[in-house]
Amino acid sequence: MKEYMRKDKTAKNSGWKSFCTKASNPYGTHYKAAFRKAIRPAELIALNNHDPSGNHFKISQDILEKIFSHPANSNTSTYIQPCTANDCPFTKGQVATVIHHLSKGKAPGPDGIDNIIIQQIFKKFPFLHTELFNTCLKLAKFHDPLKVGNIILFHKHDKSKTEASSYRPISLLPTIDSVRGRPTEMAITKLLDTIHKGKASGDHVMVLSIDIKGVFHHIQHSAISSYLDNSKCPANIVSIFKNLLQNRKVILNTCEGPAIRDQKQGCPQESCSGRDLWNLVANAILQENWPINTRIQAFADDFALVSHAPTRVQLESQINESIAKFSTLTIKNQLQISAENTNYLLISKLVREPTIRWQGERIKRDHSIKYLGIYIDEKMKRNTHFKAQSTRATQLYHNLLKKAGKSWGVPLNHQRI
């Protein structure tokens, strides 16, 4: 038996070395396997308090019902006719810029049309997409087939497989609705500048990192409509955004057919329109009057609140006042704060740290926080971030060794990091 296992292991190693050596694409299957880039979607498992004997279709329906819940108050908001002027039609140049920057690697939605096909159609018929978008703008309507999201579930590490909250749903929309940019560097720089200004004044500085539970799944359509009504957006843009919230559906494919559910709250995080709609709610939070020496900023659903004061008592008062205001705003928009994932960083030499509570639950203090991929520690040094990056680089190096050796594997000219 041991001899058989040894030969089996030798054959596996030999086959893997041969596979890596013959690979022509340095970022092919061997790369994804070694660097764990090919994470498979989660398997469907019956949730707690549900019949475990149900088929895949029933399990899918239960999961969609839990993740994409419906609001308690489903009354439709009264339509208010926008009083602003209409926006001008799209130009061929604007459409060309958007289509040119579509990511070629993005998975397609339920229609199976990927971005490469979109770009090729635009090359042959450049007027087609311009006419389509301008017709949508003129009618203030968004085609219902483009409002359907194909849901792919990924299991969160170390989470129970029988809880719906343990899965991260990715909504694959038609590719024409998925262009955006993410200037994270500006957000990080702004946060660091705010912290340094507080330190320069000689005050104690606190950075509160706020985590909102599933914001893109729980944001209320009624709240979005209300913020749209109070905005100064062009009338046709307001109308098309409101139409975008109507007749939305999510599907989860199974071997017994697709499970379909109406999406009556939330907006897809993966689409540019979803982020724009969330920004309406986030901007309302940012524009509130916050306590003295307190600033708040947000990037997507990542909120950071910075406050500074000369004494511990005053700092504690400012933060708790800010938390109370933030809680009121989230309750107004029917959002929930994850107190266990909310923490704070104290940049101070205080012997006794402030007591910070969120709805009676004490917020923990960390010696460093991670904001948009950057580690910020209480000494405002780069050591914590460098250490994390060093650990990551070591992991990448060991992963590289899995697909390349001295005498086998990917050619040296492809082994650059």
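Here is a short briefing on the chain shown above. The model is predicted, so local features need pLDDT of at least 70 and side-chain atom pairs count only at pLDDT 80 or more, while totals for chains, interfaces and linings use all residues. Residues are numbered from 1 along each chain as its sequence is written, and side-chain values use heavy atoms, with hydrogens and water left out.

**Overall picture**

- The chain holds 13 helices and 13 strands; these are DSSP runs numbered from the N terminus, helices being H or I with at least four residues and strands being E with at least two.
- Of its 417 residues, 40% count as buried, a label for under 20% relative accessible area, with exposed meaning over 50% and partly exposed lying in between (1.4 Å probe, protein chains only).
- Contacts have heavy atoms within 4.5 Å; among those between residues at least 6 apart in sequence, 68% join residues at least 24 apart.
- The accessible surface comes to about 24,600 Å², and carbon and sulfur atoms own 53% of that; the areas come from the Shrake-Rupley method with a 1.4 Å probe, and for residues only the protein chains shown count as cover.

- M1 sits in the segment before α1 (2–22) and is exposed, at a relative accessible area of 74%.
- Together with Y4 and M5, M1 forms a nonpolar surface patch of about 430 Å² accessible area.
- Patch members have over 30% relative accessible area and no salt bridge, and nonpolar side chains (Val, Leu, Ile, Met, Phe, Trp, Tyr) are joined within 5 Å, like charges within 9 Å.
- A salt bridge here is a side-chain nitrogen of Lys or Arg within 4 Å of a carboxyl oxygen of Asp or Glu.

**Strand β1 and its partners**

- Strands pair if DSSP finds at least two bridges between them.
- β1 (residues 148–155) runs parallel to β4, joined by three bridges, and V148 stands opposite K249 in β4.
- With β2 (residues 167–172), β1 pairs in the antiparallel sense over six bridges; I152 has I170 in β2 as its bridge partner.

**Cysteines**

- C255 lies in the loop between β4 (249–252) and β5 (259–262), and counts as exposed at 67% relative accessibility.
- The structure holds zero disulfides, where a disulfide is a pair of cysteine sulfur atoms within 2.5 Å.
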